[in-house]
Amino acid sequence: MLTSVALKAIRFYQIFISPLFPPSCRFYPTCSEYGYQAIAKYGIIRGGAKTAWRILRCNPFNRGGYDPVE
């Protein structure tokens, strides 16, 4: 139940909010897509933790690059 709500919230962000801002993601896939995939694969707790860690790594000191959900 909570997992599906989180996934719908991420899709809402991707469709309606994200297009309002210029693309600036350092990673591929983007953090929102990474979060969607992680939560879909691991559930809300573990996937949410992986997503939070990914967002924390998104800073000027990290080069970014290809970072798939593992």
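## Terms and model

Helices are DSSP runs of at least four residues, numbered from the N terminus. A pocket is an open set of grid points with protein on both sides, and its lining residues have an atom within 4 Å of a point. The structure described here is a predicted model.

## Largest pocket

The largest pocket holds about 460 Å³ of space. Its lining comprises 15 residues, and those nearest the centre of the pocket are Tyr13, Ser18, Cys25, Thr30 and Ser32. By class, the lining has nine nonpolar residues, six polar residues and no charged ones.

Three helices take part: H1, H2 and H3 (44-57) each supply at least two residues of this lining. The most comes from H1, which gives three residues.

## Packing of H1 and H2

Two packed helices are described by the angle between their axes and the distance between the axes. For H1 (residues 2-17) and H2 (residues 31-42), the angle is about 165° and the axes are 10 Å apart. Because angles over 145 degrees count as roughly antiparallel, H1 is roughly antiparallel to H2. The crossing of H1 past H2 is left-handed.

On the H1 side the contact is made by Thr3, Ala6, Leu7, Ile10, Arg11, Tyr13 and Gln14, and on the H2 side by Ser32, Glu33, Gly35, Tyr36, Ile39 and Ala40. Seven of the residues in this contact of H1 with H2 are nonpolar, four are polar and two are charged. Tyr13 of H1 and Ser32 of H2 belong to this contact, and both are also among the residues that lie nearest the centre of the largest pocket.

## Packing of H2 and H3

The axes of H2 and H3 come within 7 Å and cross at roughly 155°. H2 is therefore roughly antiparallel to H3. Here H2 passes H3 in a right-handed crossing.

H2 contributes Cys31, Tyr34, Gly35, Ala38, Ile39 and Tyr42 to the contact, and these meet Ile44, Arg46, Gly47, Gly48, Lys50, Thr51, Arg54 and Ile55 of H3. The residues of this contact of H2 with H3 comprise seven nonpolar, four polar and three charged. Gly35 and Ile39 of H2 take part in the contact with H3 and also in the contact with H1.

## Cis peptide bond

Most peptide bonds are trans. Tyr28 and Pro29, however, are joined by a cis peptide bond, with omega about 0°. Pro29 is located in the loop between strand E1 (27-28) and H2.

Notes. Residues are numbered from 1 along each chain as its sequence is written. This is a predicted model: local features need pLDDT of at least 70, side-chain atom pairs count only at pLDDT 80 or more; totals for chains, interfaces and linings use all residues. Side-chain values use heavy atoms; hydrogens and water are left out. Axes are lines fitted to C-alpha atoms, for helices over the stretch in contact, and angles run from 0 to 180 degrees between N-to-C directions. Angles under 35 degrees count as roughly parallel, over 145 as roughly antiparallel, 65 to 115 as roughly perpendicular and the rest as oblique. A crossing is left-handed if the near helix is turned anticlockwise from the far one by less than a right angle, and right-handed if clockwise. Contact means heavy atoms within 4.5 Å. Ala, Val, Leu, Ile, Met, Phe, Trp, Tyr, Cys and Pro count as nonpolar, Asp, Glu, Lys and Arg as charged, and the others, Gly among them, as polar. On a 1 Å grid over the protein atoms alone, a cavity is a set of points where a 1.4 Å probe fits but cannot get out, and a pocket is an open set with protein on both sides within 12 Å along at least five of seven lines; lining residues have an atom within 4 Å of a point. Grid points are joined across faces, edges and corners, and a volume is the space filled by probe spheres set on the points.
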